[in-house]
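This briefing covers a protein model, working from the contact between its chains to local packing. Please read it alongside the sequence and the coordinates.

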Amino acid sequence: MKYFHLIWAALFRRKTRTILTLVSIIAAFLLFGLLDAVRVSFEQAGQSANGAERLQTGSRLSFIETLPFSLGAQIERVPGVNAVAYANWFGGAYQDPHNQIFTFAVSPNYIDMYPEFVLDAAQRKAWDADLNGVVVGSVMAKRYNWKVGDKLPLMSQIFPNKEGSKNWSFTIDGILHSKDPSQNGFFDAIVLMHWKNFDETTPYNRGQVGWYISHVTDVNQSDRVAKAIDALSANSDHETKTQTEQAASANWVKQMLNIGLIVTSIMGAVFFTLLLLTGNTMMQAVRERTSELAVLKTIGFSNANVLGMVLAESVLLLVLGGVIGLGLVSILAPAISAGSGGMMHLPSVGIGSWTLGLALALGIGFVVGALPALRAMRLNIVDALAGR
Amino acid sequence: MGNLVEIRNVSKVYERGKQKVEVLHHVDLDIAQGDFLALMGPSGSGKTTLLNLIGGLDSPSDGSIAVGGARIDKLGQGALAKWRAANVGFVFQFYNLLPMLSAQKNVELPLLLTKLSAAQRKKNASVALQLVGLADRATHRPTELSGGQQQRVAIARAIVSDPSLLVCDEPTGDLDRQSAEDVLKLLQTLNREHGKTIVMVTHDPKAAEHATHTLHLDKGTLVEQSAHA
């Protein structure tokens with residue numbers, strides 16, 4: 001500890017360079033923390049269904065596989081289930097094929113399952129009575145200036161209508177709002193159409209359902225209920241997987257992306273770049289201090305002292321950046337979760353992430369500092385003092 | 001008074017690529033305890049090499065060097081570093097203070113290698129700064145001090161651990177006449193009143209006059225010795 005002021009002073013000998021390097025390290029660890037939080041979020045999702053009021057049942061095989069309509073009645077009879085809704089993915093594009101709108105074909109009681117968003121009673125009544133009607137999220141309505149009564153043309157990339165065209169036309173019957181404005185999110189950005197209309201119009205769907213939503217009476221029994229639902233179709237050609245909605249979303253993404261591989265690849269590239277950047281900085285810092293290091297050795301600092309001080313300087317820089325970066329993640333992760341309106345739940349930096357992050361900082365610090373530290377240790381005093 | 005430094009038949013050969021250059025050639029020298037010796041000679045005569053050998057910064061190619069009874073030519077790098085920390089103070093031409101540390105912290109540097117507490121290190125450094133007349137500049141960084149003041153801080157650093165030997169390589173080479181005079185007087189005081197043995201390399205005959213003896217080197221050999229009043 002008695003050398004700390006010496007190490008600290010050496011580290012900030014060139015303030016601007018050290019601060020810029022520190023900012024790069026903070027950015028790298030911020031990215032690491034956030035990506036690790038995403039990875040942890042995906043890993044944690046679906047580990048237990050307890051605590052969830054709503055369960056989502058989809059095909060065990062793949063999210064694109066459908067389930068029989070008849071399964072809904074069986075799920076309703078499972079003890080602990082008090083309501084069942086269902087939905088299909090429609091996936092409409094508005095004006096431009098690339099401008100995808102989250103559009104779902106849903107059962108009449110679908111909205112009742114989600115008390116967190118509201119639809120004006122008169123608009124709900126009008127929509128219930130209009131088979132070709134849709135209700136749209138407030139964010140979408142605002143973005144495209146949609147009003148109740150407007151015609152809404154949507155192009156499906158998969159499902160043709162009765163005429164064989166993929167261009168569908170709907171009437172906007174209502175605007176969906178989040179009950180809590182701060183939870184502005186997914187439901188403000190979707191379009192809901194009637195499942196009956198979808199089922200009767202497209203020849204591609206005859207009595208098939210994308211997924212079921214079950215409302216449970218006791219959230220502490222959700223795990224048991226989920227297992228009972230899956231038991232209904234065990235060993236059939238349509239085996240199901242029931243989980244919380246969050247876990248279902250996570251699994252949906254997992255089927256498309258290998259999150260762990262993506263996170264590891266990105267972080268590998270980031271830390272490799274960091275290795276080169278800080279390695280170069282440290283080499284430069286030691287080269288500039290050749291005569292100062294020679295003076296330390298002259299007055300009696302041993303080779304081990306000098307080696308240790310340069311290594312400590314490098315490790316301190318990395319650990320400082322790592323701690324600040326991960327500290328920022330602890331602040332940002334809850335904010336991002338809150339801002340996503342429930343779409344994303346990033347856990348705060350756990351002990352595992354801190355341990356991994358600090359181990360990385362220490363490891364990179366040692367690797368980065370090793371070469372300049374060895375160079376400093378092997379410094380020949382006479383040559384260094386003579387400027388050779 | 002006995003000899004502090006005893007040099008016997010010392011040669012030093014440097015290898016520059018495939019060439020071998022003999023910088024010192026069979027040098028014999030005794031430096032008495034409490035002596036203030038000036039080493040003079042033309043560039044390349046081996047003055048600094050001899051000084052480095054006496055200070056334990058380099059090892060001879062041949063011969064023996066004993067300082068305070070210790071055969072420093074036999075010591076390994078680690079032991080030599082420990083020996084330097086306890087027995088020698090160094091003063092360089094360009095002061096070689098650490099720019100990011102205050103005068104006080106620069107002076108404390110050699111004490112970091114001792115077992116003294118932080119408070120004791122601070123106290124000793126303050127005494128050393130007081131001795132060189134810079135107690136009021138303790139918190140200043142080297143860039144905030146004049147050349148003469150920086151050299152005095154360097155002298156304070158050299159004496160803070162109370163070594164018996166001071167080796168000074170052109171200590172006035174980068175100073176104006178007045179600052180040089182102040183530094184030389186300070187070295188004289190350290191020699192006369194505090195009993196420090198001083199070996200000083202210099203090109204300046206006026207600086208050498210402050211020493212008790214002057215040795216002249218030429219082509220790696222001692223050629224002349226003179227004593228001052």
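The contact between the chains draws on 20 residues of chain B and 18 residues of chain A, where two residues are in contact if their C-beta atoms, placed from the backbone, lie within 7 Å. The model is predicted, so local features need pLDDT of at least 70 and side-chain atom pairs count only at pLDDT 80 or more, while totals for chains, interfaces and linings use all residues. Residues are numbered from 1 along each chain as its sequence is written, with chains lettered from A and ligands numbered from 1 in the order in which they are written.

**Side of chain B that touches chain A**
- Helix α2 (residues 77–87) of chain B gives the largest share of this side, 6 residues; helices (H or I, at least four residues) and strands (E, at least two) are DSSP runs, numbered from the N terminus.
- By class, this side of chain B has 12 nonpolar, 4 polar and 4 charged residues. Ala, Val, Leu, Ile, Met, Phe, Trp, Tyr, Cys and Pro count as nonpolar, Asp, Glu, Lys and Arg as charged, and the others, Gly among them, as polar.

**Chain B overall**
- Chain B has 7 helices and 10 strands.
- Among contacts in chain B with a separation of 6 or more, 68% link residues 24 or more positions apart.

**Strands of chain B**
- Four strands form an open sheet in the order β2-β1-β4-β5 (chain B), with antiparallel pairing; two strands pair if DSSP finds at least two bridges between them.
- β2 (19–32) and β5 (70–71) of chain B are the edge strands, each pairing on one side only.
- Strand β1 (residues 3–16) of chain B runs antiparallel to β4(B) and is joined to it by 5 bridges; B:Ile7 has B:Ile65 of β4(B) as its bridge partner.
- Strand β6 (residues 88–91) of chain B runs parallel to strand β7 (residues 165–169) of chain B, with 4 bridges between them; B:Phe90 is bridged to B:Val167 in β7(B).
- From β6(B), B:Val88 and B:Phe90 point one way and B:Gly89 and B:Val91 the other way, and all are buried.

**Surroundings of B:Gly56**
- B:Gly56 sits in the loop between α1 (47–54) and β4 (62–67) of chain B.
- B:Gly56 counts as buried because 26 other C-beta atoms lie within 10 Å.
- Apart from neighbours within four places in sequence, B:Gly56 contacts B:Ile72, B:Leu80, B:Trp83, B:Arg84 and B:Val88.
- B:Ile72 is 16 residues from B:Gly56 in sequence, and their C-alpha atoms are 6.7 Å apart.

**Helix packing**
- Helix α5 (residues 147–159) of chain B and helix α6 (residues 177–194) of chain B have axes 9 Å apart, at an angle of about 20°. Axes are lines fitted to C-alpha atoms, for helices over the stretch in contact, and angles run from 0 to 180 degrees between N-to-C directions.
- α5(B) is therefore roughly parallel to α6(B) (under 35 degrees; over 145 is roughly antiparallel, 65 to 115 roughly perpendicular and the rest oblique).
- The contact of α5(B) with α6(B) has 5 nonpolar, 4 polar and 2 charged residues.
- In chain A, the axes of helix α9 (residues 259–288) and helix α12 (residues 351–377) come within 9 Å and cross at roughly 35°.
- The contact of α9(A) with α12(A) comprises 13 nonpolar, 3 polar and 1 charged residues.

Note on methods
A residue is buried if 20 or more other C-beta atoms lie within 10 Å of its own, exposed if 12 or fewer, and partly exposed in between; C-beta atoms are placed from the backbone.
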